[in-house]
Amino acid sequence: MMLKPSRATIVVERYPGTSRILHWIIALLVLATWPLGLVIQFLTKDVSLTVYMLHESFGFLVLWLMLIRVGNKLIARAPKSDAPKIERLAATTVHGLLYLLLIVMPLSGFLATNAHGFPLLWFGLIAVWSPIGTAPAVASLFSTVHLWSAWILLLLFALHVAAVLLHHIVKRDLTLYRIL
Ligand code: HEM
Ligand code: HEM
């Protein structure tokens with residue numbers, strides 16, 4: 001007797017559409033903003049001004065998108081997970097810290113540049129109002145927060161990608177599809 005080939009359908013519960021779109025737009029922006037910030041110090045003045053502008057403008061966009069994302073998080077539920085409790089705790093901790101850092105990063109950068117006396121002209125077009133104006137007394141504090149946060153964010157991102165790869169390549173489960 002010939003057996004008919006059967007097709008199994010696997011259903012995976014994904015993050016809501018808004019969460020998935022915000023995840024990828026913000027991920028792309030951060031993956032562009034981070035290296036732009038790092039290279040500034042190695043550039044000559046004529047090039048660095050454009051890179052400053054792009055870095056600050058993309059970064060500032062991240063701040064606003066993150067505020068929307070926090071609002072979205074409050075209303076759009078994450079899909080259920082049947083992973084062990086310890087894994088869920090690790091994921092929630094890293095995700096929570098990523099949320100925090102993705103607000104601290106752009107906010108500290110924005111406040112630092114204003115405090116140093118360089119108000120943001122967003123994409124060279126829109127002058128952004130500064131809540132603190134020029135404030136030399138706190139400028140280096142904001143810069144320090146920005147620079148340290150950059151490396152903490154990189155560490156969290158490395159953990160995040162390592163976890164995704166562990167699920168996808170080693171455990172071969174469907175975690176990645178939850179966000180696609
Ligand atoms: C997601 C948002 C952001 C990320 C991931 C980010 C990342 C970085 C990184 C990696 C550096 C280099 C750190 C180092 O040299 O050790 C940097 C530097 C800097 N960032 Fe940001 N940044 C963000 C947003 C912003 C915003 C919104 C502003 C200002 C409006 C800003 C202004 C600056 C400035 C002025 C520097 C110093 C450049 C220098 O003179 O070396 N950043 N940022
Ligand atoms: C480079 C490729 C990336 C891949 C393949 C990826 C993959 C994933 C996956 C599979 C999830 C769902 C995890 C789960 O179900 O528990 C997720 C969630 C998440 N990812 Fe990523 N990610 C990437 C980049 C980033 C970047 C650059 C950031 C931020 C810097 C980020 C921040 C987050 C956050 C905060 C969540 C939690 C979702 C939420 O509650 O909004 N991801 N990511």
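The following legends describe close-up views of a predicted model.

**Figure 1. Overall fold of the protein in the predicted model.** The protein contains 4 helices and 2 strands. From one end of the sequence to the other, these elements follow the pattern α-α-α-β-β-α. The radius of gyration is 20 Å, well over the 16 Å that the globule rule gives for 180 residues, so the protein is more spread out than a compact globule. The C-alpha trace spans about 80 × 30 × 25 Å along its principal axes.

**Figure 2. Packing geometry of helices α2 and α3.** Two packed helices are described by the angle between their axes and the distance between the axes. For α2 (residues 45-75) and α3 (residues 85-115), the angle is about 135° and the axes lie 9 Å apart. Angles over 145 degrees would count as roughly antiparallel and 65 to 115 as roughly perpendicular; α2 is therefore oblique to α3. The crossing of these two helices is left-handed.

**Figure 3. Residues at the contact of α2 with α3.** Helix α2 contributes Glu56, Gly59, Phe60, Val62, Leu63, Met66 and Val70. These residues meet Tyr99, Leu102, Ile103, Pro106, Leu107, Gly109, Phe110 and Thr113 of α3. By class, the residues of this contact comprise 11 nonpolar, 3 polar and 1 charged.

**Figure 4. Surroundings of ligand 2.** The shell around ligand 2 consists of 20 residues, and the closest are Ala27, His95, Leu98, Arg178 and Ile179. The elements that give two or more residues to this shell are α1 (17-39), α3 and α4 (136-170). In terms of residue class, 13 are nonpolar, 5 are polar and 2 are charged.

Notes
Residues numbered from 1 in each chain as written. Chains lettered and ligands numbered in written order. Predicted model: local features only at pLDDT ≥ 70, side-chain atom pairs only at ≥ 80, totals over all residues. Axes fitted to C-alpha atoms, helices over the stretch in contact; angles between N-to-C directions. Parallel < 35°, antiparallel > 145°, perpendicular 65-115°, else oblique. Left-handed = near helix turned anticlockwise from the far one by under 90°. Contact = placed C-beta atoms within 7 Å. Nonpolar A, V, L, I, M, F, W, Y, C, P; charged D, E, K, R; others polar. Near = placed C-beta within 6 Å. Rg over C-alpha atoms; globule rule 2.2 N^0.38 Å.
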